Amino acid sequence: MAYWLFKTEPDTFSIDDLARANTIWEGVRNYQARNFLRDQVQEGDDVFIYHSSCKQVGIAGIGRVVRAGFPDPFAFDPDSAYFDAKSNPDKPTWYAVELTFERRLPLLPLAALKANPALAGMPLVQKGSRLSVMPVTPAQWRAILAMA
């Protein structure tokens, strides 16, 4: 089992939305993040859900991967905001995973995460890191859970 952090904008999709129903984590349009979804994220992996681009950014809860990487169906839907005319179902460009809700956490703000020395090597707290899917080490996972 591995650990991950997935960023989302809560006005688009929040931890509360995940609590209501499993979801396809679609719309990732960054090649490095896509590679994580396609090649490394596996069924049973745990995921911190991180709210970004909002007043209170931070880790809001935990999800679990219930379906490993598969072609993002929204890339093939011309009515979707995530449609990509260059992506081909026979050789897909974009991938998604399916998540289920595990639990909410008290919001762990980015400032508190940055202040924790145990998280200094985490991509999230490093300047210029904007990746929407990133690995979390077991030690970082434990340190974040201890903060909650």
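Reader: Which residues does phenylalanine 48 touch, not counting residues up to four places away in sequence?

Author: This is a predicted model, in which local features need pLDDT of at least 70, side-chain atom pairs count only at pLDDT 80 or more, and totals for chains, interfaces and linings use all residues. Residues are numbered from 1 along each chain as its sequence is written, and side-chain values use heavy atoms, without hydrogens and water. With contact taken as heavy atoms within 4.5 Å, phenylalanine 48 touches Trp4, Leu5, Phe6, Ile59, Gly61, Ile62, Leu105, Val136, Trp141, Ile144 and Leu145.

Reader: Why do the buried residues of α4 lie on the same side of the helix?

Author: Helix α4 spans residues 138–147, and its buried residues are Gln140, Trp141, Ala143 and Ile144; buried means under 20% relative accessible area, exposed over 50%, and partly exposed in between (1.4 Å probe, protein chains only). Helices (H or I, at least four residues) and strands (E, at least two) are DSSP runs, numbered from the N terminus. The four lie on the same side because, by the directions from the helix axis to the C-beta atoms, they cover an arc of only 165 degrees.

Reader: Which residues are exposed on the other side of α4?

Author: The buried residues of α4 pack against elements including β1 (3–8), β3 (46–51) and β5 (95–109). On the other side, the exposed residues are Arg142 and Ala146.

Reader: Is leucine 124 buried or exposed?

Author: Leucine 124 is located in the loop between α3 and β6. Its contacts beyond four places in sequence include Leu5, Tyr50 and Met134. Because its relative accessibility is 5%, leucine 124 counts as buried.
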